[in-house]
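Here are my notes on the model you sent.

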Amino acid sequence: ASSNHIARIQPLPDQLINQIAAGEVVERPASVLKEVLENSLDAGARQIDVQIAAGGIKLIRVADDGRGMPREDLPLALMRHATSKISTLDDLEHVASFGFRGEALASIAAVARLSLTSRTADGEHAWRISNTGAEQTPAPAALTAGTVIEIADLYYNTPARRKFLKSENTEFAHCQETLWRMALARPDAAFSLSHNGSVKLRLTRTDGARRIRELLGSDFFDQARPLEVSAGDLRLSGYAALPAYSRATRDEQYFFVNGRFVRDKLLTHAVRQAYADILHGSRHPAYVLFLELDPYGVDVNVHPAKTEVRFRDARGVHQFVFHALQRVLAAPLAQLLPAASS
Ligand code: ADP
Ligand code: MG
């Protein structure tokens with residue numbers, strides 16, 4: 001356009017709005033998988049089977065045994081800002097589900113071929129909807145229960161984004177990591193994961209300790225101190241490894257806030273500080289920690305991916321995590337070194 005041409009303001013088309021939103025939510029196949037797994041768990045699923053092809057770029061297929069969706073809800077599931085999880089500001093401030101923004105499926109559908117097949121407990125049969133081809137209105141389908149979502153050819157229509165993807169193996173590794181986080185948070189659910197037709201992981205329903213041992217191994221587990229500390233409405237539980245099991249990288253650091261995996265500066269700092277006196281600065285602690293608090297005390301609506309959180313009482317949370325962890329880490333050392341005990 002010439003320099004004196006005035007570009008007029010116009011509303012963006014829906015598809016473009018969704019593709020812009022997808023830039024925030026759908027960074028790579030693993031972020032698609034995260035959203036889809038969260039939806040399955042929000043739907044009460046206890047068995048979740050994941051099939052990945054070509055690192056998730058070609059296919060991500062997730063089958064769950066959750067509540068399912070009735071026919072009329074299928075088109076709404078793909079619509080932006082449509083959700084079954086909240087309806088008021090009050091709901092938002094007390095949100096207990098993973099999802100609430102109602103934009104994940106709309107975003108994914110804007111950058112991939114997507115189909116949803118779902119059946120509710122009282123449905124006579126399943127219904128299927130897809131964002132391509134003839135099935136853009138629900139059609140009868142076969143499925144015994146729950147929901148199957150298939151996401152194929154990620155970024156097929158946005159090649160610029162596709163260029164940012166790494167190798168299939170790297171993308172699959174990220175998908176596997178996403179499933180681990182979910183599996184650590186939800187030992188009450190069974191998971192399976194396959195890549196290019198071969199089974200990579202199979203987890204049956206169990207308790208938290210067994211799930212952690214299964215995923216992180218007995219090396220971690222045997223060197224880790226269990227903890228369970230409460231103060232007011234704050235509760236910290238999980239396992240923190242002693243320095244003997246420290247790592248060269250941050251690869252075994254799992255922190256969950258109200259069941260949600262987070263990467264949070266404040267929490268990482270509190271943990272680091274609790275290890276300060278016993279761990280060399282070049283080593284990284286390994287831990288699986290669960291912080292629970294009243295949903296009102298934490299804002300998860302900071303970023304679409306929701307791995308950042310904001311605490312109402314940031315100082316209080318920092319102090320609590322630091323002291324709880326420091327005490328647990330110090331106790332066994334005091335036993336090992338009787339001279340240092342008081
Ligand atoms: P959100 O999770 O924020 O509500 P999504 O775009 O992820 O938004 O999903 C939209 C809606 O689709 C959800 O609110 C839910 O009602 C429905 N949904 C998605 N996946 C499933 C599933 N696996 N089982 C049942 N319902 C689902
Ligand atoms: Mg969701």
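1. Ser237 has Phe290 of E13 as its bridge partner. The strands concerned are E10 (residues 234-241) and E13 (residues 287-292), which run antiparallel and are joined by six bridges. Strands here are DSSP runs of E with at least two residues, helices are runs of H or I with at least four, and both are numbered from the N terminus. Two strands count as paired when DSSP finds at least two bridges between them.

2. Before going further, note that this is a predicted model: local features need pLDDT of at least 70, side-chain atom pairs count only at pLDDT 80 or more, and totals for chains, interfaces and linings use all residues. Residues are numbered from 1 along each chain as its sequence is written, while chains are lettered from A and ligands numbered from 1 in the order in which they are written.

3. E10 and E13 belong to an open sheet of five strands with mixed pairing, in the order E9-E10-E13-E11-E12. At its edges are E9 (224-231) and E12 (260-261), each of which pairs on one side only. The loop between E11 (253-257) and E12 holds Asn258. This residue has a positive phi of about 50° although it is not a glycine. Most residues other than glycine have a negative phi. Asn258 is partly exposed, because 19 other C-beta atoms lie within 10 Å. The scale is as follows: buried means 20 or more other C-beta atoms within 10 Å of the residue's own, exposed means 12 or fewer, and partly exposed is in between, with C-beta atoms placed from the backbone.

4. Strand E1 (residues 47-53) has two partners to check. With E7 (residues 190-195) E1 pairs in the parallel sense over six bridges; Ile48 stands opposite Phe191, and Gln51 has Ser194 as its bridge partner. With E2 (residues 59-64) E1 runs antiparallel, again over six bridges, and Val50 stands opposite Val62. E1 and E2 form a hairpin with five residues between them, and Ala54 in the turn has a positive phi of about 55°.

5. In helix H9 (residues 265-275) the buried residues are Leu267, Ala270, Val271, Ala274 and Tyr275. They lie on the same side of H9 because they cover an arc of only 135° around the axis, taken from the directions from the helix axis to the C-beta atoms.

6. The largest nonpolar core has 86 residues, and Ile108 and Val321 have the most contacts inside it. Such a core is a set of buried Ala, Val, Leu, Ile, Met, Phe, Trp, Tyr and Cys residues joined through C-beta atoms within 7 Å. Beyond four places in sequence, Ile108 touches Ala22, Val26, Val32, Glu35, Leu114 and Ile151. Contact means C-beta atoms, placed from the backbone, within 7 Å of each other.

7. How many residues surround ligand 1? There are 22, and the closest are Asn39, Ala43, Thr83, Ser84 and Gly99; a residue counts if its C-beta atom, placed from the backbone, lies within 6 Å. Helix H2 (29-42) and helix H5 (104-111) are the elements giving two or more residues to this shell. The shell divides into seven nonpolar, nine polar and six charged residues. Here Ala, Val, Leu, Ile, Met, Phe, Trp, Tyr, Cys and Pro are nonpolar, Asp, Glu, Lys and Arg are charged, and the others, Gly among them, are polar.

8. Two residues in the loop between H3 (73-77) and H4 (89-93) deserve a look: Arg80 and His81. Arg80 is partly exposed, with 17 other C-beta atoms within 10 Å. Apart from neighbours within four places in sequence, Arg80 is in contact with Ile17, Asn18, Gly102, Glu103 and Ala106. His81 counts as exposed, because it has 9 C-beta neighbours inside 10 Å, and its phi is positive, near 60°.

Technical notes: Contact = placed C-beta atoms within 7 Å.
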